[in-house]
Amino acid sequence: TKPTFGGHSVAQELDEELAALRKGQDDDEPIRKMFDLVHIGVSGSFFASIRSDDVDPADVVLSIFRQAKADQSTHSRHIVRLVPVHTTCYAKAEDMATAVLPVIEKYMGSLVQGCDFVIYYKARNNNSAHRDPFIKTIHGLVPAHNKVNLNHADKTIIIEIFQTICFFSIVSYYDEMNKLNLRMVVEKAIKSKENKEVAARDAGSEQEDASKPDKRDKGGEDGDSKDEARVEAKVESKDVDDSAETDPVTCENHAAPNGANSDPNPNPSPDTNAPE
């Protein structure tokens with residue numbers, strides 16, 4: 001007798017699982033055909049080349065960042081930064097001046113609305129490339145209707161040098177995506193969600209506390225009437241006390257017995273005839 005599992009034989013279950021795995025590989029085949037993995041000789045870095053010229057690498061990277069932000073996952077254990085590359089050339093300023101012209105014309109040329117921009121430069125495993133020649137070369141190539149803004153740039157021109165290769169790109173989401181740091185984007189998305197959940201719980205607690213009756217309001221109108229009566233009694237008592245302090249003559253006249261002298265002068269003069 002063949003062993004069964006859930007009404008099917010174990011062999012049949014394995015065959016179905018293998019078919020599902022093969023189908024998943026077939027579904028991913030168009031994606032694998034779109035990219036070529038290129039090793040650039042720098043530890044911890046790799047270059048993925050897009051085979052189609054109709055696909056903008058900046059759009060691909062932005063889509064990956066947005067998906068990771070929405071899913072709150074990098075979908076990768078090892079990727080930290082993801083940088084789009086529009087063109088490459090030899091790591092010399094004069095070679096870069098020729099290679100980047102079409103890219104600058106496309107994204108910042110005379111037919112494109114002017115914007116504020118900033119240049120980001122970084123070199124790794126290269127001691128002969130220096131920052132200033134590359135920066136000055138780019139400044140000379142960018143049309144004048146674009147202005148430098150180091151604090152609030154609309155676009156970032158990226159120059160990254162790996163050994164003898166210069167990678168060049170222009171993006172409009174450099175700061176928005178935490179300097180293209182995929183892990184930081186995901187961490188901020190998770191933190192933002194947690195803060196929203198805490199704020200929602202706090203708001204719910206405040207509404208619950210507001211819906212509870214106030215102990216001071218217990219008793220309704222009767223309680224309010226008693227409070228008003230106590231206040232009026234206290235005010236009246238205070239008025240009497242104030243009168244006693246400010247009008248001693250009147251108090252003495254009220255306290256005099258019948259038939260007693262009602263003369264307001266408590267100390268008559270010696271010439272006054274006193275009764276015998």
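Predicted model: local features only at pLDDT ≥ 70, side-chain atom pairs only at ≥ 80, totals over all residues.
I started by counting elements: eight helices and nine strands in this protein.

Next I checked burial. Buried residues come to 24% of the 276 in the protein. The accessible surface is about 20300 Å², and carbon and sulfur atoms own 51% of that. I also looked at contacts between residues at least 6 apart in sequence: 68% of them join residues at least 24 apart.

Then I went looking for the largest nonpolar core. It has 24 residues, and Met108, Phe134, Ile138, Ile157, Ile159 and Phe168 touch the most other members. Several elements give two or more residues to this core, including helix 3 (93-99), helix 5 (131-141) and strand 8 (155-162). Which element gives the most? Helix 4 does, with four residues.

I clicked on Phe134 and left out residues up to four places away in sequence. Its touching partners include Ala91, Met96, Tyr121, Ile159 and Cys166. Apart from the core I'd been looking at, I found another one of 16 residues, with Val61, Phe65, Leu82 and Tyr173 among them.

Last stop: rings. I got four aromatic pairs. Phe47 and Phe167 have ring centres 5.4 Å apart and planes at 40°, so I wrote this pair down as tilted. Phe47 is in strand 4 and Phe167 in strand 9, so the pair ties together parts 120 residues apart in sequence.

Are these two buried or partly exposed? Phe47 is partly exposed at 21% relative accessibility, since the cut-off for buried is under 20%. Phe167 is buried at 7%.

Phe167 also pairs with Phe162, edge-to-face, at 5.3 Å centre to centre and 80° between the planes. Phe162 is buried too, at 9% relative accessibility.

How values were computed:
Residues numbered from 1 in each chain as written. Heavy atoms only, no water. Buried < 20%, exposed > 50% of the residue type's maximum accessible area, 1.4 Å probe, protein only. Contact = heavy atoms within 4.5 Å. Areas by Shrake-Rupley, 256 points an atom, 1.4 Å probe, with all protein chains shown as cover. Core = buried A, V, L, I, M, F, W, Y, C linked by side-chain atoms within 4.5 Å. Phe/Tyr/Trp six-rings, centres within 6.5 Å; stacked < 30°, edge-to-face > 60°.
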